[in-house]
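Here is my note on the model you sent.

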Amino acid sequence: MRPSSKNIILIGFMGVGKTTIGKELARLLQREFVDLDQAIEADANQTVLEIFQNEGEEAFRKRENTKFMELFESDNRIISFGGGAFLQSDIQKVSLEDGIVVFLDISFPLWLKRLPSLIADRPVLQNKNHEEIRTLFVSRREVYLKGHHTLNTDHMSPIQIADNIAKTILQA
Ligand SMILES: Nc1ncnc2c1ncn2[C@@H]1O[C@H](COP(=O)(O)OP(=O)(O)O)[C@@H](O)[C@H]1O
Ligand SMILES: O=C(O)C1=C[C@@H](OP(=O)(O)O)[C@@H](O)[C@H](O)C1
Ligand SMILES: [Mg+2]
């Protein structure tokens with residue numbers, strides 16, 4: 001089957017592996033890889049953390065929206081979102097209408113083991129206790145489930161996950 005040229009978008013909670021797996025998937029499918037956060041950082045000449053600190057979350061969300069709309073003018077890309085991008089209703093609508101949206105899921109206990117390595121550069125996780133983070137994880141998961149495909153990533157390496165995504169999309 002000829003693979004569609006639609007953009008493939010990876011969504012899911014912070015730290016699930018969207019950036020890491022997106023790179024692997026792009027290599028596998030020989031497509032251009034774009035990480036939405038990295039594209040925003042390059043434009044702003046600041047890290048995501050610095051944008052949150054210097055401009056606030058609302059300004060970051062505006063940058064996220066503008067950059068997404070710009071990126072979506074071309075197809076054939078693998079685009080890794082930041083964990084909040086798909087929560088924006090217009091980003092969600094355009095992604096679902098014109099792209100292939102893959103939700104990378106993970107069980108919360110496994111995700112929690114990654115938290116110490118994530119906290120320093122994920123402003124949304126800072127100043128929250130485990131229960132508050134779990135509540136955010138559960139409520140966002142409901143939104144991520146609107147994606148076209150859901151893939152549980154528990155106990156799999158990024159390469160295995162990328163391989164599964166490629167197979168899932170080719171079979172669809
Ligand atoms: N399948 C996996 N198994 C174990 N660690 C992973 C896996 N995928 C990603 N990681 C690690 O988790 C951290 C967050 O990955 P990242 O790709 O930045 O996630 P995201 O873009 O979803 O926030 C990194 O340290 C990365 O090496
Ligand atoms: O979930 C979120 O609201 C965010 C996730 C981050 O990306 P990752 O999901 O790649 O960590 C980054 O966009 C920003 O810190 C906000
Ligand atoms: Mg990322």
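1. UniProt, in an unreviewed entry, places a "binding site" feature at Gly15, Val16, Gly17, Lys18, Thr19, Thr20 and Arg122. The lining of the largest pocket includes Gly15, Val16, Gly17, Lys18, Thr19, Thr20 and Arg122. UniProt positions follow the numbering used here, feature names are shortened, and annotations may be inferred rather than shown by experiment. A pocket is an open set of points on a 1 Å grid over the protein atoms alone, where a 1.4 Å probe fits, with protein on both sides within 12 Å along at least five of seven lines; lining residues have an atom within 4 Å of a point.

2. Some ground rules. This is a predicted model: local features need pLDDT of at least 70, side-chain atom pairs count only at pLDDT 80 or more, and totals for chains, interfaces and linings use all residues. Residues are numbered from 1 along each chain as its sequence is written, chains are lettered from A and ligands numbered from 1 in the order written, and side-chain values use heavy atoms, with hydrogens and water left out.

3. Lys18 sits in helix H1 (residues 18-29). Helices (H or I, at least four residues) and strands (E, at least two) are DSSP runs, numbered from the N terminus. Lys18 counts as buried because its relative accessibility is 6%; the cut-off is under 20% relative accessible area, with a 1.4 Å probe and protein chains only. Beyond four places in sequence, its contacts (heavy atoms within 4.5 Å) include Phe81, Gly83 and Leu104.

4. Arg61 belongs to helix H4 (residues 57-71). Its relative accessibility is 16%, so Arg61 counts as buried. Among its contacts beyond four places in sequence are Gln88, Val124 and Arg140.

5. Five strands form an open sheet in the order S2-S3-S1-S4-S5, with parallel pairing. Strands pair if DSSP finds at least two bridges between them. Strand S2 (32-35) and strand S5 (149-152) are the edges, each pairing on one side only. Four bridges join strand S4 (residues 100-105) to S5. Leu104 stands opposite Leu151 in S5.

6. The largest nonpolar core has 51 residues; Phe13, Phe81, Leu104, Trp111 and Ile165 have the most contacts inside it. Such a core is a set of buried Ala, Val, Leu, Ile, Met, Phe, Trp, Tyr and Cys residues joined through side-chain atoms within 4.5 Å.

Conventions
Buried < 20%, exposed > 50% of the residue type's maximum accessible area, 1.4 Å probe, protein only.
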